[in-house]
Amino acid sequence: MKLYRAGVIAGLIAGVVALAACSSTKNSGSSSTTPAGGASTTGSSSSSTVDCATGTLNAEGSTAQTNAMTQWINDYQKKCGGATINYNPTGSGAGVKNFNAGQVDFGGSDSALDPTKGEVAAAQKRCGAPAYDLPMVVGPIGVAFKVNGVDTLTMTPDVIAKIFAGKISTWNDPAIKALNSSANLPATKITVFFRSDSSGTTQNFEKYLKATAPTVFTATPDKDSSKSGWVGQGKAKSQGVAQAISTTEGSIGYVEYSFAVQDNLSVAAVDNGGGPVKLSKDTASAALSSAKVTGTGGDLTLKLDYATKAAGAYPIILVTYEIACSKYTDAAKGKLVKSFLSYTATGGQAALPGLGYAPLPSDLQSKVTQSIAGIS
Amino acid sequence: MTTAVVERGPGASLASPGRGRRKIKNGVATTVITLCFLVALVPLVWLLWTVISRGWHVIVKSSWWTGTERGIGYRDPGGGAYHAIIGTLEQVALCTVISVPIGLLVGVYLVEYGRGALSRVTSFMVDILTGIPSIVAALFIYAVFITTLHGQRAAWLVSLALVMLMLPVIVRTTEEMLKLVPNELREASYALGVRKWKTILRVVMPTAFSGLITGIVLGIARVAGETAPLLILVGYASGLNTNLFSGFQGSLPGMINDQFTNLGSGNKAYGLDANGNRVLIHNYAPDRLWGTALTLVIIVMALNLIARLVGRFNKVAN
């Protein structure tokens, strides 16, 4: 009997100790954070007037523009009480697919509709009128990394492509050292993260590598990363890649800049041949100035110059588009799309720099506003 | 001590060396089993502790139960889960309304009427349905209603996918509960000249009532937290949408998923100031994530309690 009791008590004590150990570590983890910066979220321009419309819009697509979209929707809904806008960040591929299938009212995509895949024709069929690709946000893609003791790095397209292809596999590789003589690079193995879902960020990053390091990156740029020949792990969505980098020592990956900022990831400066360029809204905007509009009519598909050697131009950028019908069968819907997109293209642009995006250059902005005016 | 001796009976005192060994064996076995029990308890207690300790301070605010996420980004405090609670309740209610009659009738058929091949096939099909993953059920509904019939994504499709998950649970428990009803009751009823359908309705079902309710609640608990159909068949809306048949709709699992996308590395997130420098900001998404999780647990638990009360009340009435 005594032994029996002793056993039970011993068991109970062991259990309680184990539980206490678990709970105390959890507790200290969750209670240690207090806001320090207190940056306001709604400081974006409230001066501009908005031509409000009412109703509900459902949209989905690019994760790269999530943070901008969330801010815009919040600001727009504050100004226009009768409007509800939902944006689900499911990836550019899903955005285009569901827009063309008529599941959403407008789509967000980091790449314009691709005529070679029948996307333009499908969109035309869905709308009964041409669909517009409207550039709305300039999102620099950061080559984010986490290496203990290293905050700044410079990389060339060749080195980036080789790291992703597995041809450079440790951080103290001579090729990286040659560019960063002052950095104290460890012998840690490089862990590569890329997007596993259909992503416009992937496509733009691949287009950049294709334009600048064609001998190393030989695949055809695509939203799907499965044929890229990359080593490492795929992660779903921008948030997934950013979180993986922030929790893995020796990791590297490409992620839209606002997500790198959100998780406080270090971002490499890129040297396209004109000297290292750090990522900022100004350097990203500078790279966009050499882009050309190739879309016709109201469509504003852009062709970016990834290989630019211009000083102070950060070359790995993506332009994320809103894909909308030029004419909606439901006139009320058309009015709301027009009203919301007008806001994002004008007053909403001021909110972008605080989120890690760059605003549209003014000449492009006026073209976008003009196209939106034609939506009905 | 004395009772132990009595239990062993006469002759036990002769084997005094074996007695000590048995005591040790008993002690070891007791300790091991108790430890195993505690180990099994650890994940449960840990989970509840994590969810409650991180979520309670969010849900004690009344605005949590009356407000929505409309206009609330990850940097904004406040916000509520009203839209998600309504969405989840509506979806589960529609699913229950469809599943319960079908499930009960199939269960009654299998126990009271089913003979031969049809019964065996039905039983086999229910077994297969039990093993279907929620994502497959969701894809099936997507293929039928959206790919083939060109429908719009909407919350009622989620309910349909959930029916496929809820139905086998209800059929199985109904079957088990009806089997437990003693045959003597049925025979007594037949002996009094009561017809079979009336016997089932007035004798068998009321006897098994609390068990049937338990089955339904198990079914509800099974589907209330399902996420796969929500990701595929409807978009997440951060504002209130009470219409099951059109537009995006909020739901508790959907809200957890939405907050998770902004989880970052915890409450500490970064933003940029006007000069492009990084500044620390507070990320409220993790708090809301745990608050939503706790809300979901509470709602499932409340449904459970209500069902138990209903079951008990009925027993007293009989």
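These notebook entries record what I looked up in this structure.

**Entry: the model**

I am working with a predicted model. I keep that in mind throughout.

**Entry: how chain A divides**

I began with the domains of chain A. Domain 1 of chain A covers 17–139 and 326–373. Domain 2 of chain A covers 141–286. Domain 1 is therefore written as two segments, because that is how the domain assignment gives its bounds.

Next I looked at where the two domains meet. On the domain 1 side of chain A, 21 residues are in contact with domain 2. Domain 2 of chain A brings 22 residues to that contact. I looked up the buried area between them and found about 1,600 Å². Carbon and sulfur atoms give 46% of that area.

How many salt bridges are there between domain 1 and domain 2 of chain A? The count is 2 salt bridges. I picked out Lys117(A), which forms a salt bridge with Asp222(A). Their closest N and O atoms are 3.0 Å apart. Side chains of opposite charge can pair when their charged atoms come close.

I then checked polar contacts across this boundary in chain A. There are 12 residue pairs in polar contact, both residues being at pLDDT 80 or more. Which helices supply the domain 1 side of chain A? Helix H2 (66–79) and helix H3 (92–100) each give at least two residues to the side that touches domain 2. By class, that side of domain 1 of chain A holds 7 nonpolar, 11 polar and 3 charged residues.

I followed an open sheet of 3 strands in chain A. Its order is S5-S10-S11, and the pairing is mixed. Strand S5 (154–155) and strand S11 (276–277) of chain A are the edge strands, each pairing on one side only. Strands of a sheet pair through backbone hydrogen bonds, either parallel or antiparallel.

In which sense do S10(A) and S11(A) pair, parallel or antiparallel? Strand S10 (residues 269–271) pairs with S11(A) in the antiparallel sense, over 2 bridges. I noted one position there: Asp271(A) stands opposite Pro276(A) of S11(A).

**Entry: a salt bridge within a helix**

Over all chains, the search of the whole structure finds 13 salt bridges. I stopped at one of chain A. Lys162(A) forms a salt bridge with Asp158(A), with the closest N and O atoms 3.3 Å apart. Why are these two separated by about one helical turn? Lys162(A) and Asp158(A) are 4 residues apart in helix H5 (residues 157–165) of chain A, so about one helical turn separates them.

**Entry: positive phi in chain A**

Most residues other than glycine have a negative phi. I looked for residues that depart from this. Lys237(A) has a positive phi near 65 degrees. Lys237(A) is in helix H8 (residues 237–247) of chain A.

Asn264(A) also has a positive phi, of about 55 degrees, although it is not a glycine. Where does Asn264(A) sit? Its place is the loop between helix H9 (257–262) and strand S9 (266–267) of chain A.

**Entry: how chain B divides**

I turned to chain B. Its domain assignment gives domain 1 (17–60) and domain 2 (82–312). Taken over C-alpha atoms, the centres of these two domains of chain B are 31 Å apart. The contact takes 9 residues from domain 1 and 7 residues from domain 2 of chain B.

The two domains of chain B bury about 730 Å² between them. Carbon and sulfur atoms carry 86% of it.

The touching side of domain 1 of chain B has 5 nonpolar, 3 polar and 1 charged residues.

**Entry: a hairpin in chain B**

Last, I looked at two strands of chain B. Strand S1 (residues 268–272) and strand S2 (residues 278–282) of chain B pair in the antiparallel sense over 5 bridges. Lys268(B) has His282(B) in S2(B) as its bridge partner. The hairpin of S1(B) and S2(B) has 5 residues between its strands. In that hairpin, Gly276(B) takes a positive phi near 85 degrees.

Methods. Residues numbered from 1 in each chain as written. Chains lettered and ligands numbered in written order. Predicted model: local features only at pLDDT ≥ 70, side-chain atom pairs only at ≥ 80, totals over all residues. Heavy atoms only, no water. Contact = heavy atoms within 4.5 Å. Buried area = accessible area lost by both parts, 1.4 Å probe. Salt bridge = Lys/Arg side-chain N within 4 Å of Asp/Glu carboxyl O. Polar contact = N/O pair within 3.5 Å; in protein donor to acceptor, adjacent residues only side chain to side chain. Nonpolar A, V, L, I, M, F, W, Y, C, P; charged D, E, K, R; others polar. Pairing = 2+ DSSP bridges.
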